[in-house]
Amino acid sequence: MTVHELSRTDARRIAVRAQLLDAVRPDGLPAVVRGLTLLQIDPTAAVAPNADLVAWSRLGPTYEPDELTAALEKRSLLELQAMIRPAEDLALYRAEMAEWPERGTPSSWREYHRTWVAANDACRKDVLARLGAEGPLPSRALPDTCAEPWRSSGWTNNRNVTKLLELMVQRGEVAVAGRGGGDRLWDLAERVYPDTPPVPVEEALRIRDERRLRALGIARARGPECQVEPADVGEAGEEAVVEGVRGKWRVDPAQLGRPFEGRTALLSPFDRLVHDRRRTTQLFEYEYQLEMYKPAAKRRWGYFALPILHGDRLVGKLDATADRKAGVLEVHAIHEDVPFEAAVRHEVGQEIADLARWLDLELVLPH
């Protein structure tokens with residue numbers, strides 16, 4: 001079998017085009033979500049909510065956040081484990097849910113998840129009964145009758161009902177039916193998910209690998225175990241090597257040999273183009289960390305710095321904050337990984353101005 005030999009430029013262009021960030025913009029929000037396979041939900045909105053920012057990066061000023069809200073209300077898009085996916089894709093997850101926790105759970109957590117849910121089976125049944133009678137409901141409306149508290153070293157410690165609901169999502173018993181005031185509203189999965197037969201697990205995993213590779217363009221065959229959305233793609237696509245990068249890759253053959261025309265874009269820190277930091281370093285030679293959890297004095301680029309894409313290169317970071325009370329998008333700094341040429345500086349400036357207009361905020365630049 002042929003092993004495709006790619007330059008770093010080839011690999012970058014494949015990745016950018018697959019992520020719908022080249023000059024040809026996709027035709028509307030449904031095309032974006034189907035092309036990317038998902039929009040990640042994250043509560044941080046220093047500039048804009050992640051799902052909206054990712055959609056805007058692809059669609060530009062034509063995108064309105066109300067479109068996403070309407071699609072979720074109509075359930076053409078559904079929320080599954082903090083990811084927004086096309087409703088038809090739920091069939092690729094239902095069989096895996098039936099085999100929980102052997103499927104869809106990192107091996108290091110399986111036994112604890114199994115025993116903790118079993119210990120709190122009475123609470124699980126209480127939740128199902130309450131949702132069946134009164135749902136959709138926020139988690140705070142559900143009584144905590146857990147016999148054994150959830151323990152972790154992080155922020156989920158003792159958040160019993162929330163954690164139980166999230167595990168019941170993995171089991172296919174409950175689902176997020178919508179949001180109210182920022183809170184997730186929970187209901188029985190059978191009242192939320194489309195009534196379509198599940199795709200058998202092995203076939204579903206293969207299809208998901210293929211779709212993930214189409215969305216990424218190029219990826220590793222194997223990677224660290226990840227519960228929600230892996231960065232690897234198994235045997236999908238065809239084998240490739242990238243000049244100057246160790247190891248073998250899988251590439252989407254549909255992306256090979258296609259012309260490329262790039263553009264300038266501002267990306268969310270959670271954007272799938274940069275989400276796999278190791279791939280970003282290897283292919284784009286770009287260093288990036290999300291610094292919101294660092295003390296301010298130790299940040300190099302800012303609390304929620306946006307990666308800057310120009311053509312097939314990641315060229316810098318935008319440190320900006322949307323102050324909605326003051327009505328301004330305040331730019332604290334534009335970090336240039338290498339000094340911008342005049343044309344790059346102009347295009348980056350235009351993109352920042354477009355972002356401010358889309359947010360309906362006045363742009364405030366650093367002095």
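This is a predicted model: local features need pLDDT of at least 70, side-chain atom pairs count only at pLDDT 80 or more; totals for chains, interfaces and linings use all residues.

1. Strand E9, residues 238–242, pairs with E10 in the antiparallel sense over four bridges, and valine 241 has lysine 248 in E10 as its bridge partner.

2. E10, which covers residues 248–251, also pairs in the antiparallel sense with strand E8, residues 218–219, in this case over two bridges. Here alanine 219 is the residue that stands opposite arginine 250 of E10.

3. Turning to the chain as a whole, its secondary structure comes to eleven helices and 15 strands. The radius of gyration is 22 Å, close to the 21 Å that the globule rule gives for 367 residues, so the chain is as compact as a globular protein of that length. Along the principal axes, the C-alpha trace spans about 65 × 60 × 40 Å.

4. Of the 367 residues, 50% count as buried, and the accessible surface comes to about 17600 Å², with 51% of it belonging to carbon and sulfur atoms. Among contacts between residues at least 6 apart in sequence, 62% join residues at least 24 apart. As for charge, the chain carries 51 positive and 58 negative side chains, and the centres of these two sets lie 3 Å apart.

5. A second sheet region deserves a separate comment. Three strands form an open sheet in the order E2-E4-E3, with antiparallel pairing, and its edge strands are E2 (39–40) and E3, each of which pairs on one side only. E3 pairs with strand E4, residues 83–86, in the antiparallel sense over four bridges, and leucine 77 stands opposite proline 86 in E4. The hairpin of E3 and E4 has two residues between the strands, and glutamine 81 in that hairpin takes a positive phi near 50°.

6. Which residues of E3 lie on each side, and are they buried or exposed? In a regular strand the side chains alternate between the two faces of the sheet. In E3, Leu77 and Glu79 lie on one side and Leu78 and Leu80 on the other, and all of them are buried, so that both faces are covered.

7. Helix H8, residues 160–170, is mostly covered, with ten of its eleven residues buried. H8 is followed by glycine 172, whose phi is positive, near 80°.

Note on methods:
Residues are numbered from 1 along each chain as its sequence is written. Side-chain values use heavy atoms; hydrogens and water are left out. The radius of gyration is taken over C-alpha atoms; the globule rule is 2.2 Å times the number of residues to the power 0.38. Buried means under 20% relative accessible area, exposed over 50%, partly exposed in between (1.4 Å probe, protein chains only). Contact means heavy atoms within 4.5 Å. Accessible areas come from the Shrake-Rupley method with a 1.4 Å probe; for residues, only the protein chains shown count as cover. Lys and Arg count as positive and Asp and Glu as negative; His and the chain ends are not counted. The place of a charge is taken as NZ of Lys, CZ of Arg, CG of Asp or CD of Glu. Two strands pair if DSSP finds at least two bridges between them.
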